[in-house]
Structure formats: C-alpha cells, structure tokens
Amino acid sequence: MRSLNSLLEPLRTESGLPALGAVVIRNYKIEAFGVVGKRRIEGTEPVKPNDPFHIGSCTKSMTATLMARLVEKGKLHWDSPIGELLPQIRPRIAQQYWQVTIEQLLTHRSGLPEDRVPHLPLLLKLRTLDSKQRLQAAEWILQQEPVAQPGEKMLYSNGGYVVAGAIAEVVAGKVWETLIQDMLFRPLGIRSAGFGAPTKGAYGHRTRAGEYVSVPPSPLADNPLVLAPAGTVHLSLQDWARYAILHLKGACSKNPPLLRTDTFTRMHTPPSGSDYAMGWGVSRSLSANRTVLQHAGSNTMWFAWIQLVREAGMGFLVATNAGDENAQNTLCWVLGMLRQQAGV
C-alpha cells in the first residue's frame, strides 16, 4: 500500500488542520492510504491510522443500502408508502405525506422542507429524544407543512432519512443502529463503526476567534441521536474504504456482495431531471466519459468526502477532524490532487 503521508502533511500544515486522512482505491482494493496530524490541536498525540473519522451525511448512502437490503428481503418495496408503513403515526402527520414512497424519501423528493440549515425549534425538540424514539422523531418531522408535492422536486432533507430509519425499525423490529451493524457493517468486515462523536482517538474541532479548538466527545458534540440515519456514523478510513468498494463494485457490475447489481443501478440512478440518487450525488461528464458518485458530510466539527469514479473503477476518500470552510476547501484540494495523479 502506497503511503500518502508525504503528500498530505504539507497540505495539512499549510491549512492548519488538526488531522487529515485520505484513501485511494483502485482495482477494488486500497492502493494508497495516509493519515497525518494530531488527535487534538492543543496536544501532541499524533492521529493513528485506525482512528475513526466522523463522516456526517456520507451516512445517507449507508441508510439507503440498508433499505435496499430490506427491499431484497421482501420487507419493503421501493414504492411502499409511508401511510401504510407507519400506521402508528399516520393520523397525526400531514396527510400529503401518506403516499410518499421509500424511493422518494431516499432521493429527497418527499416534499419535506429543505433542512441543510436546521429548523432550530425542531432540532431542539429532537435533542430531547434518544435513539429508541426514532418513530416519535418521524412523527414530528412529518407534521411539518409540505413545501412540494411528492416527487415534484429535490429538496435536501435530513428529516427524510430519519423517517426512512424509523420505517426500517418498524419493519425489521430492531433499532437502526443495530440493523446497520447487522446488515451492513459486519457482513463487510467493518469493526470500527460507531455513532456520534468518536470516544476514542481524534476529537472534532470548532473554530473560535479564528483558531481551532478541540471538542471532547459528548452528546452535544454531534447531531441529535435520532438523526443517526441521516449522518452520525464514524469509522476508520480503512473500514470506510470497505464500504466504498461495495458500491464501486455495484456501480461497475463486478459481482458485488450483499445486493444484486440491478439494485445498485437503481440506487445510483437519479430521478429524471435530478442529480441526486439514493444517498449519492451523481455527476456526468460526456466529454470525459466519467460518472462520479459522491457525497460530502459534516457535523460542523468534522468533514468527510467520498467520490467514486465509475468508468475508472476508482474511489477517493478524504476526511479531517474540523468542519469549517477551510476544512472543506482543503479536502476539495486534496481530492483534486489525488484524481489528477490518478489521471481521472
């Protein structure tokens, strides 16, 4: 495995980031890997290769993959409507959501309001719930006034993924955290995955007066627990690469495990007129003959980015333990350098 440390360290030093990591995947295995910097900006302990990184909304494709497994097991259908799947809360949610399907939830076409910037009163309510109260969270989310007809347009909704997680729990009889471990992480050999701020290894960081300050792990060091299906997974970069290889094989029709190839095709194909599939942004370049599946994620204290280049059969993962604009710009720069070196 080629080390990326000599490439990453100058970029980390120049940007001032606490830690920086990256993975290059080729031929469905890790070709290059690196992680540099410190676990805490105020300390001296170096970040370790197996330290987990919080991947934020890159969790969404994991939830979509879990839903796909439930579909293939006959527990769900892509066009199953919320009103039939969640009869416990149907009388108390907006009637327009009754006919919203699983596929519409996962492609952000449910009609729920955009919530990249969270609605503060709802967010504070969700903080009062624990991970076993996801159905209650779904009820509150689905009481919001719809802003579009189901299927009409793409409106990025973390809430939609919480509802999907609640549906998975109802049909499978287990909490989402257990389901994702049992049906996705363990079958892939992923052992480092957890939820919320990592309790071992590196800390996340906020900016204060232009300086990074580490944030010790606590419930307030991440999004509310009930939002896990939308974005609270942490795991090592090597384990994240195992997951990336699953989807890269699916995208390239290379005998993927866990799901059929046609299921991956459906998950990776946006609805007509959209560029967002099930947990993946999809960009196409006809001139370069490139299709890129990608997603970024941040809880404002970490930042992560995944790109899979289908025609090249390559994947690129980058992550840092800070979540500001500087972190985003640096990861964008690293991705560009890695892809340029790889000729894609």
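In which helix is the place of arginine 12? Arginine 12 sits in helix H1, which covers residues 5-15. Helices (H or I, at least four residues) and strands (E, at least two) are DSSP runs, numbered from the N terminus. The model is predicted: local features need pLDDT of at least 70, side-chain atom pairs count only at pLDDT 80 or more, and totals for chains, interfaces and linings use all residues. Residues are numbered from 1 along each chain as its sequence is written, and side-chain values use heavy atoms, without hydrogens and water.

Arginine 12 has a relative accessible area of 14%, so this residue counts as buried (under 20%; exposed is over 50%, partly exposed in between; 1.4 Å probe, protein chains only). Beyond neighbours within four places in sequence, arginine 12 is in contact with Leu17, Pro18, Ala19, Leu20, Val36 and Gly37 (heavy atoms within 4.5 Å).

Pockets were computed next. A pocket is an open set of points on a 1 Å grid over the protein atoms alone, where a 1.4 Å probe fits, with protein on both sides within 12 Å along at least five of seven lines; lining residues have an atom within 4 Å of a point. The largest pocket has a volume of about 940 Å³, the space filled by probe spheres set on the points, which are joined across faces, edges and corners. Its lining has 38 residues, and Ser57, Arg116, Tyr156, Asn158 and Ser298 are the closest to its centre. E10 gives the most to this lining, with five residues.

The second largest pocket has a volume of about 280 Å³. Of its 21 lining residues, Phe195, Gly196, Ala197, Thr199 and His234 are the closest to its centre.
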